Amino acid sequence: MNTEAKKQEILDAFRFRSATKEFDPNKKISDEDFEFILETGRLSPSSFGFEPWRFVVIQNRELREQLKPVSWGAQGQLPTASHFVVMLSRSAEDMIYSSDYIEHMKKDVHHMPPEAYEAISKFYKTFQESDFKLLEDERYMNDWAAKQVYIALGNMMTAAAQIGIDSCPIEGFDQEKVHDILEKAGVLEGGNFQVAVMAAFGYRIREPRPKSRQEMKDVVKWVE
């Protein structure tokens, strides 16, 4: 592998990626390419490996129209994006150390042997109770789960950029009203999920403005 060439390829993808506000409605992402993007989300890391997410791909035009009035940050993306994803995070009830979901992840997904099961169970309980004090307020747990969804979001957008596909992360929406619309559509599974963030994918219809970022010295501090 040519490491320098690979690094340049990755940096080129980061420079290519821009928050695309409007997509070319006539250009669609292939099924194969979008499965690849979703796979990078599925393979993303999460705290303790408990994957507190669900990716809902909204291709139904009627549902997109329902979301538009309550999603001010997606006015250009909802009508034009090839693929529109509402990224959900699991509820506090699901993510608490004693939940059925966590038991399922430990036993059925990770197939933990007894010694690992006991150790992880202890660490996870302590983490929630005292390290991060997540049990003091349901909002703490919900925010913690939602933060992990952003790891998957970042990976999906970067992966898309590496194959020439544009994207846009979207937080501009009324969370409660979006939740109600999706609940009625049956995608929240009776309260087991909350809306964390949205993301649109497709192909840009116009070139973006040049990328601007702070200098490296302004965002990195070394402690040696």
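**Chat: salt bridges, sheet and a buried leucine**

Trainee: Quick one to start: is Lys 106 buried or exposed?

Mentor: Lys 106 is buried, as its relative accessible area is 2%. Buried here means under 20% relative accessible area, exposed means over 50%, and partly exposed lies in between, using a 1.4 Å probe and protein chains only. This is a predicted model, in which local features need pLDDT of at least 70 and side-chain atom pairs count only at pLDDT 80 or more, while totals for chains, interfaces and linings use all residues. Residues are numbered from 1 along each chain as its sequence is written, and side-chain values use heavy atoms, leaving out hydrogens and water.

Trainee: Which side chain does Lys 106 meet in a salt bridge?

Mentor: That of Glu 103, at 3.0 Å from N to O. The rule for a salt bridge is a side-chain nitrogen of Lys or Arg within 4 Å of a carboxyl oxygen of Asp or Glu. Glu 103 counts as partly exposed because its relative accessibility is 21%.

Trainee: Where do Glu 103 and Lys 106 sit?

Mentor: In helix α6 (residues 100-109), and because they are three residues apart there, about one helical turn separates them. Helices are DSSP runs of H or I with at least four residues, strands are runs of E with at least two, and both are numbered from the N terminus.

Trainee: How many salt bridges does the rule give?

Mentor: The count comes to twelve. One of them joins Arg 139 and Asp 143, at 2.9 Å from N to O. Both lie in helix α8 (residues 138-162), four residues apart, which is about one turn of the helix. Arg 139 is exposed at 54% relative accessibility, whereas Asp 143 is partly exposed at 33%.

Trainee: And what about Lys 217 and Asp 218?

Mentor: Their side chains also form a salt bridge, at 3.3 Å from N to O. Lys 217 is exposed at 67%, and Asp 218 is partly exposed at 44%. There is a network too: Glu 103, Lys 106 and Lys 107 are joined by salt bridges that share partners.

Trainee: Switching topic, what order do the strands of the sheet have?

Mentor: The open sheet has four strands in the order β1-β2-β4-β3, with antiparallel pairing. Its edge strands, each pairing on one side only, are β1 (53-57) and β3 (166-170). Strands pair if DSSP finds at least two bridges between them. On average, neighbouring strands are turned by 25 degrees against each other, direction ignored.

Trainee: Which helix packs on the sheet?

Mentor: Helix α2 (residues 31-42) does, touching β1, β2 and β4, and its direction makes about 165 degrees with that of β1. Axes are lines fitted to C-alpha atoms, for helices over the stretch in contact, and angles run from 0 to 180 degrees between N-to-C directions.

Trainee: How many bridges join β2 to β4?

Mentor: Eight, between residues 83-90 and the antiparallel residues 193-202. Leu 88 stands opposite Val 195 in β4.

Trainee: Back to helices: where is Leu 78, and what is it in contact with?

Mentor: Leu 78 is in helix α4 (residues 77-80), and it counts as buried because its relative accessibility is 1%. Contact means heavy atoms within 4.5 Å. Beyond neighbours within four places in sequence, Leu 78 is in contact with Arg 61, Arg 64, Leu 67, Lys 68, Ser 71 and Phe 84. Phe 23 is 55 residues away from Leu 78 in sequence, yet their C-alpha atoms are 9.4 Å apart.
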